[in-house]
Amino acid sequence: SDGMLSPRESVQKYASKGFKVIGLSDHGRVTPVDPAWFPGVLLVPTAEIGWPHMLHIGAKKTGKIDYPDFKRAVAHAHREKSFTVMCHPDWSNHDWKVIDRSARQVFALEVYNHVTVLENGTGQAREIWDLLLRAGHRLWGFADDDSHFNQSYPQYAGGWVDIRTPRLTRGAVINSLKTGSYYSSSGPKLFDLKVTGKLIRLRCS
């Protein structure tokens, strides 16, 4: 929608970095992609819809999605049984009532958005996530790139999730996201995590 590269060129960028699951999140539309472009890479139909912005990951239909308000956008995503993420609450400058109301309707909060971190430092929402958790919301944290490949911010592959999934299929990936079988990162990798009583052992890069 407002990116500088074609869908295939964008996928190529991430596939060359070793990404195995890729979603193109154009505004207001699910962009059709060809699974044959890159064998071994799962292209998950995705869009950024509504206001506040929400990621609709795992859409079942391609094309335009004309739901500018959040309530209708969420209802559409739920009908398609997708994974939903409230995007960049700090960058969007939403007040607490809007954040609190919207967070009740999605699976995750975008806690790291690489482009808005580079743009003006508003891409991290860890404090907002913590406040929502304290208020009783059970939201996963989600990190992503949001790269537009424009001249001002050509960087990419700065935010992502590592997913534990038994199969590289849309259904398995969406189920893993919904159940929290993933971690978000902007650099470090987790190799092992064990919980014994009150002791947590973590091995990472």
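**Exercise 1: Backbone geometry in the loops**

Pro 52 is placed in the loop that runs between strand S5 (46-49) and strand S6 (54-57). The model is predicted, so local features need pLDDT of at least 70 and side-chain atom pairs count only at pLDDT 80 or more, while totals for chains, interfaces and linings use all residues. Residues are numbered from 1 along each chain as its sequence is written, and side-chain values use heavy atoms, with hydrogens and water left out. Helices (H or I, at least four residues) and strands (E, at least two) are DSSP runs numbered from the N terminus.

Solution. 
- Step 1. Most residues other than glycine have a negative phi, and most peptide bonds are trans.
- Step 2. Lys 81 belongs to the loop between helix H2 (70-79) and strand S8 (83-86). With a relative accessible area of 53%, Lys 81 is exposed (buried means under 20%, exposed over 50%, partly exposed in between, with a 1.4 Å probe and protein chains only).
- Step 3. Phe 149 is buried, at a relative accessible area of 12%.

**Exercise 2: The overall fold**

Task: how many helices and strands does the protein have, and how compact is it?

Solution. 
- Step 1. The count is 6 helices and 14 strands.
- Step 2. The radius of gyration is 17 Å, close to the 17 Å that the globule rule gives for 205 residues, so the protein is as compact as a globular protein of that length. The radius is taken over C-alpha atoms, and the rule is 2.2 Å times the number of residues to the power 0.38.
- Step 3. The C-alpha trace spans about 50 × 40 × 35 Å along its principal axes.
- Step 4. Of the 205 residues, 44% are buried.
- Step 5. In helix H6 (residues 170-178), the buried residues are Ala 172, Val 173, Ile 174, Ser 176 and Leu 177. Gly 180, with a positive phi near 75°, follows H6.

**Exercise 3: Pockets and the cavity**

Task: which residues line the second largest pocket, and which line the largest cavity?

Solution. 
- Step 1. On a 1 Å grid over the protein atoms alone, a cavity is a set of points where a 1.4 Å probe fits but cannot get out; a pocket is an open set with protein on both sides within 12 Å along at least five of seven lines; lining residues have an atom within 4 Å of a point. Grid points are joined across faces, edges and corners, and a volume is the space filled by probe spheres set on the points.
- Step 2. The largest pocket has a volume of about 1000 Å³. Its lining has 47 residues, with Tyr 14, Ile 22, Gly 23, Leu 24 and Asp 145 nearest its centre.
- Step 3. The second largest pocket, of about 490 Å³, has a lining that includes Asp 162, Arg 164, Gly 180, Tyr 182 and Phe 191. Strand S13 (190-196) contributes the most to this lining, 4 residues.
- Step 4. The largest cavity holds about 30 Å³ of space. Its lining is Val 11, Ile 22, Leu 24, Thr 31, Val 33, Leu 43, Val 44, Pro 45 and Thr 46.
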